[in-house]
Amino acid sequence: MTTTSEHRLVLWDIDQTLVEMSGLGAAWYATAMLAATGVTMGPMPVFGGRTERAITIELLITHDVEPTEETIRRVWAELVLAAEQAGATILERGRALPGAAAALSSLAGESGVVQSLVTGNLPEVSRHKLTPFDLHTHIDFEIGGYGSLSAYRPELVPRAVELATAKHSREFPPESVVVIGDTPHDVEAALQHDAVAVAVATGQFSADELRDAGARTVLADLSDLDAVRTAILRTHA
């Protein structure tokens, strides 16, 4: 039997799930690396599904810079500045993905639903990416799991749950936590904590790859609002 949960903690990925940035993140990293370390960026790491901490450490090591915490933080400060200054460019080169705004708005109207983020981005960069498309309104940025926490993405989910539990003074058991993303890393992060994994095939991974990774539901994108709501709000009794 399918029923509707009384409450849900919905944790969104950003890149290739809610928005597409058309390579802007790599450009921001090039600017940040040069400003923070004096190094011109060469080889680019894989970004999809990884955390800012993992990406920054790999970049520094690849460019023969010791990844001390101080250096990592300098790069991040410049990364935030680059994102902050890119508002107009984000609107020109980026876009909200189909159905993203409607999905966020619809879920915000559901009693008991809390929406936040589990994203590889830094908190400030997350806000800068979503705000130009008015996707920030229904997101609680205070309780997200962000890429500054760990190089290992699954550690972001319990952090978000912990913060949501403290803020709302209620438990969010695993079956009430829904993680939505476009990569097997997002799916793994959910499954590591017995949360519900919903995947969208809007990035570099196919629906079959996301299904094989263990996603409970795989959507082509977020444009079918009924399918999105069913995937997020349903529970099995």
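Is arginine 159 buried, partly exposed or exposed? At 34% relative accessibility, arginine 159 counts as partly exposed. Those words have cut-offs: buried means under 20% relative accessible area, exposed means over 50%, and partly exposed lies in between (1.4 Å probe, protein chains only).

A quick note before we go on. This is a predicted model, where local features need pLDDT of at least 70 and side-chain atom pairs count only at pLDDT 80 or more, while totals for chains, interfaces and linings use all residues. Residues are numbered from 1 along each chain as its sequence is written, and side-chain values use heavy atoms, with hydrogens and water left out.

**Salt bridges**

Let's look at charged pairs. A salt bridge here is a side-chain nitrogen of Lys or Arg within 4 Å of a carboxyl oxygen of Asp or Glu. Searching the whole structure turns up 13 salt bridges. Here are some of them:

| Pair | Closest N and O atoms |
|---|---|
| Lysine 129 and aspartate 15 | 2.9 Å |
| Aspartate 140 and lysine 167 | 2.8 Å |

Take lysine 129 and aspartate 15, which form a salt bridge. This pair links distant parts of the chain, 114 residues apart: lysine 129 is in helix H6 (residues 123–130), and aspartate 15 is in the loop between strand S2 (8–12) and strand S3 (19–20).

Next up, aspartate 140 forms a salt bridge with lysine 167. Aspartate 140 lies in the loop between H6 and helix H7 (156–168) and lysine 167 is in helix H7, so the pair ties together parts that are 27 residues apart in sequence. Aspartate 140 counts as buried at 16%, and lysine 167 as partly exposed at 41%.

Back to arginine 159: this residue and glutamate 162 both lie in helix H7, 3 residues apart, or about one turn of the helix. Salt bridges that share partners also join Asp13, Arg153 and Asp186 into one network. As for glutamate 162, it counts as partly exposed, at 48% relative accessibility.

**Two positive phi values**

Most residues other than glycine have a negative phi. Glutamine 16, though, has a positive phi near 70°. Glutamine 16 lies in the loop between S2 and S3 and is partly exposed at 23%. Serine 169 also has a positive phi, near 55°. You'll find serine 169 in the loop between H7 and strand S6 (177–181), and at 67% relative accessibility it counts as exposed.

Definitions and conventions:
Helices (H or I, at least four residues) and strands (E, at least two) are DSSP runs, numbered from the N terminus.
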